[in-house]
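Colleague: I have a structure open and some questions about it. Can we go through a few spots together?

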Amino acid sequence: MKILMAVVSDLRSDARVRREAAALAADGHDVRVVGFDSGVRRAGSTVEEGVRYDVVPFPSRNLPRPLRLARAGLGAARAALLMARGRPDAVHCHNLHLSLPALLVARRHGAALVYDAHELEACKHRGPVRRLIERWERLVWCRSQARITTNPSRAEYLERLHGSRPTVVGNYPRTPGPGMEPKDLRARLGIPRERLVLIFQGGFYLESRCFRTVAAALRELPEWHWVLIGFGSDDTVRKLRELVAECGIEDRTAILPAVPVDELLSYTAGADVGVVALTDSGPNCYLGDTNKLFEYLMAGLAVVGSDFPEVRRAVLEGPAGPTGVLFDPASSASVARALREAAAGLPTFRRNAVNARAAYSWETESRTLTHLYRALAAPRGAEPATDTGRRAEPSGLPKGA
């Protein structure tokens with residue numbers, strides 16, 4: 001099949017989109033991704049792992065909000081024009097941002113529409129805006145031949161909201177090759193060998209991450225150092241540094257810029273424990289799990305994380321036994337307790353994380369996605385040959401409906 005993917009995100013850091021595109025290309029599909037790239041100043045194209053990426057510049061996070069939104073709108077319009085090129089057999093829409101042009105392209109060419117909900121988008125808003133987004137998502141949902149989301153809790157939520165259950169394709173990383181060497185974070189950052197290293201990686205979202213609670217907990221734990229690797233505006237990074245300084249741990253904290261997706265696990269593996277610092281800011285966070293959780297496990301780290309359903313499922317109920325400890329994200333005392341327990345059980349937690357790799361690997365999880373597309377490509381009523389994986393749930397709607 002000729003597959004057009006569309007997403008409004010920085011493709012340099014969007015590991016999920018890149019993994020899905022590469023898996024479908026490896027399964028024999030012709031895949032083109034339209035998205036954004038923070039590393040370019042003008043629109044262009046590249047080919048990586050058999051996938052063509054047509055990208056437009058990602059607006060700088062340092063711009064004033066009105067100008068940033070204006071440039072994002074202009075970028076979305078340019079992305080929509082790029083989507084209109086070619087004749088796809090399937091249009092794979094990541095989240096809602098480009099769902100209107102995705103619907104139009106799918107209808108124009110009689111292509112299957114696949115809706116991939118990375119987030120519970122409506123839950124980020126309130127009142128009339130939330131209701132409007134829910135109605136629009138229901139329209140996209142009903143016109144899609146297949147729907148995807150990231151975990152069972154979000155799948156259940158979306159089923160209650162829209163009436164049918166999406167296929168789950170987890171946020172699992174690729175298994176690192178035998179040649180991956182962990183970065184020596186202690187040597188690079190001047191951390192004494194006997195100290196413990198806690199790592200956070202991902203977006204520096206101050207409203208939906210409990211950075212202050214974690215920093216306050218670390219104030220009471222002088223044997224710990226904190227390394228944060230991620231992205232945010234200069235103003236966000238400044239506020240994060242101020243928060244760390246207020247808690248008196250600036251001499252034990254390093255804030256580093258994001259690194260390329262294919263190098264990230266080597267940095268992760270240089271730590272001892274990874275933190276999943278979600279706040280209960282709404283169902284999107286409460287029912288989330290995030291890429292970083294499974295990256296920590298793939299790197300063989302113990303995990304401390306917010307006591308939310310999907311974090312609990314991976315940390316306490318995994319196939320190899322507990323891989324860490326949960327905490328209340330509103331309580332620094334709870335975070336401190338979790339860190340002490342993680343330190344006490346570190347060898348067991350890390351061993352269990354290594355033993356759970358196969359269950360949380362993209363090599364296994366990608367079969368669900370390739371099965372879904374083989375089902376879409378098969379003649380109506382036929383059951384395609386496939387590797388094992390969770391059964392796909394394409395709808396019975398006719399193409400372009």
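**Histidine 92 and onwards**

Modeller: This is a predicted model.

Colleague: Is histidine 92 buried or exposed?

Modeller: Histidine 92 counts as buried, because its relative accessibility is 0% and buried means under 20%.

Colleague: Which side chain does the side chain of histidine 92 make a polar contact with?

Modeller: That of tyrosine 373, at 2.8 Å.

Colleague: And what is histidine 92 in contact with, leaving aside its neighbours within four places in sequence?

Modeller: With those neighbours set aside, its contacts are Ile3, Leu4, Met5, Ala6, Glu20, Val114, Asp116, Ile148, Leu369 and Tyr373.

Colleague: How far is histidine 92 from arginine 147?

Modeller: They are 55 residues apart in sequence, and their C-alpha atoms are 9.5 Å apart in space.

Colleague: Next, asparagine 95. Where is it?

Modeller: Asparagine 95 lies in the loop between E5 and helix H3 (99–109). Its phi is near 65°, a positive value in a residue other than glycine.

Colleague: Buried or exposed, asparagine 95?

Modeller: Buried: the relative accessible area of asparagine 95 is 9%.

Colleague: What about glutamate 49, where is that and what is its phi?

Modeller: Glutamate 49 is in the loop between E3 and E4. Its phi is near 50°, which is positive in a residue other than glycine.

Colleague: Changing topic to arginine 16. Which helix is it found in?

Modeller: Arginine 16 belongs to helix H1 (residues 15–26).

Colleague: What else is arginine 16 in contact with?

Modeller: Leaving aside neighbours within four places in sequence, arginine 16 is in contact with residues including Asp116, His118, Ile148, Thr149, Thr150 and Gly170.

Colleague: On to helix H9. Which of its residues are buried?

Modeller: In H9 (residues 261–268), the buried residues are Leu264, Leu265, Ser266, Tyr267 and Thr268.

Colleague: And what covers them?

Modeller: The cover includes helix H6 (185–189), strand E9 (196–203), strand E10 (224–231) and helix H11 (291–298).

Colleague: Pick serine 266. What does its side chain reach?

Modeller: The side chain of serine 266 reaches the backbone oxygen of glutamate 263 at 2.6 Å. Serine 266 counts as buried at 8% relative accessibility. Not counting residues up to four places away in sequence, serine 266 touches Met180, Glu181, Pro182 and Lys183.

Colleague: Pockets now. How much space lies in the second largest pocket?

Modeller: About 1100 Å³. That pocket is lined by 46 residues, of which Arg12, Ser13, Val259, Pro260 and Val261 lie nearest its centre.

Colleague: Which element gives the largest share of that lining?

Modeller: H9 does, with 6 residues in the lining of the second largest pocket. By class, the lining has 21 nonpolar, 11 polar and 14 charged residues.

Colleague: How many cavities of 30 Å³ or more are there?

Modeller: The structure holds 1. About 30 Å³ of space lies in the largest cavity.

Colleague: Which residues line the largest cavity?

Modeller: The lining is Leu120, Glu121, Ala122, Cys123, Glu137, Tyr157, Leu158 and Leu161. Helix H5 (residues 152–162) gives the most to it, with 3 residues. By class, there are 6 nonpolar, no polar and 2 charged residues.

Colleague: Last topic, the largest nonpolar core. Which residues touch the most other members?

Modeller: Of its 68 residues, these are Leu198, Phe200, Val214, Trp226, Val275 and Val304. Helix H7 (residues 211–219) gives the largest share of this core, 6 residues. Apart from it lies another core of 31 residues, among them Cys123, Val140, Tyr157 and Leu158.

Colleague: And what is phenylalanine 200 in contact with?

Modeller: Leaving aside neighbours within four places in sequence, the contacts of phenylalanine 200 include Arg209, Phe211, Trp226, Val275 and Tyr296.

Conventions
Residues are numbered from 1 along each chain as its sequence is written. This is a predicted model: local features need pLDDT of at least 70, side-chain atom pairs count only at pLDDT 80 or more; totals for chains, interfaces and linings use all residues. Side-chain values use heavy atoms; hydrogens and water are left out. Helices (H or I, at least four residues) and strands (E, at least two) are DSSP runs, numbered from the N terminus. Contact means heavy atoms within 4.5 Å. On a 1 Å grid over the protein atoms alone, a cavity is a set of points where a 1.4 Å probe fits but cannot get out, and a pocket is an open set with protein on both sides within 12 Å along at least five of seven lines; lining residues have an atom within 4 Å of a point. Grid points are joined across faces, edges and corners, and a volume is the space filled by probe spheres set on the points. Ala, Val, Leu, Ile, Met, Phe, Trp, Tyr, Cys and Pro count as nonpolar, Asp, Glu, Lys and Arg as charged, and the others, Gly among them, as polar. A nonpolar core is a set of buried Ala, Val, Leu, Ile, Met, Phe, Trp, Tyr and Cys residues joined through side-chain atoms within 4.5 Å. Buried means under 20% relative accessible area, exposed over 50%, partly exposed in between (1.4 Å probe, protein chains only). A polar contact is a pair of N or O atoms within 3.5 Å; within protein, one must be able to donate a hydrogen and the other to accept it, and residues adjacent in sequence count only if both atoms are side-chain atoms.
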